[in-house]
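Please look over the sequence and the structure shown here, and then follow the explanation that comes after them.

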Amino acid sequence: MNEELPDLVARFRVRHGLFRKETVEVRLYELDSYGCVMKTDKLFKPGDTITLDLIMDMPFEEIRAEGVTGLVTEKRKHCSNFFYSIDFFQLESGDNSPLSEKLRRIREVLLKKQSLKSRRSSNTTNGMRQLA
């Protein structure tokens, strides 16, 4: 499985009994315009519906896409946790809703961060080779 996406978390609420709910914050491992992959110890079944708030922490502000509804399509066990593939419901590639725009912005920033990180890591290894 890929590594965690930088500075991006998903929050969702899980019901415990009739009156008690718990807010859970998890890391994401993939994100595209159709869905995401998250890792958690909470139990879901393929076919379950989940509502996520995606939050990207930036130095001066947060980019938030709240109320993203998705369908759990796949479940893979990893140690005491599970990786869940989530397909987003209401989002389409040509959609210009505020939620789609925020998700698009999160993906743009994420791609830039990953590009910078890969350039830094390749420059570090090249620099180490030149020193040797």
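The largest nonpolar core has 29 residues, and among them Phe12, Leu31, Met38, Leu52 and Leu54 touch the most other members; such a core is a set of buried Ala, Val, Leu, Ile, Met, Phe, Trp, Tyr and Cys residues joined through side-chain atoms within 4.5 Å. Strand 1, strand 2 (20–31), strand 3 (35–40), strand 4 (49–57), strand 5 (62–78), strand 6 (81–88) and helix 1 each supply at least two residues of this core, and the largest share, five residues, comes from helix 1. Helices (H or I, at least four residues) and strands (E, at least two) are DSSP runs, numbered from the N terminus. In soluble globular proteins, nonpolar side chains tend to be buried together.

This is a predicted model, in which local features need pLDDT of at least 70 and side-chain atom pairs count only at pLDDT 80 or more, while totals for chains, interfaces and linings use all residues. Residues are numbered from 1 along each chain as its sequence is written, and side-chain values use heavy atoms, with hydrogens and water left out.

Phe12, one of the core residues named above, is in contact (heavy atoms within 4.5 Å) with residues that include Val24, Met38, Phe44, Ile50 and Leu52, once its neighbours within four places in sequence are left aside.

Ala10 lies in strand 1, which spans residues 8–16, and Ala10 counts as buried because its relative accessibility is 0%, where buried means under 20% relative accessible area, exposed over 50%, and partly exposed in between (1.4 Å probe, protein chains only). Its bridge partner in strand 4 is Leu54, and four bridges join strand 1 to strand 4, the two running antiparallel; two strands pair if DSSP finds at least two bridges between them. Leaving aside neighbours within four places in sequence, Ala10 is in contact with Val24, Glu25, Val26, Leu28, Leu52, Asp53 and Leu54.

Strand 4 is also joined to strand 5, by eight bridges and in an antiparallel arrangement, and a hairpin leads from strand 4 to strand 5 through four residues. Within this pairing, Ile55 has Arg64 of strand 5 as its bridge partner.

Which residues are in contact with Arg107, leaving aside its neighbours within four places in sequence? They are Leu31, Asp32 and Ser33, and Arg107 itself is placed in helix 1 (residues 98–131). Arg107 is buried yet has no salt bridge, the nearest side chain of opposite charge, Asp32, being 6.8 Å away. Here a salt bridge is a side-chain nitrogen of Lys or Arg within 4 Å of a carboxyl oxygen of Asp or Glu; Lys and Arg count as positive and Asp and Glu as negative, with His and the chain ends not counted.
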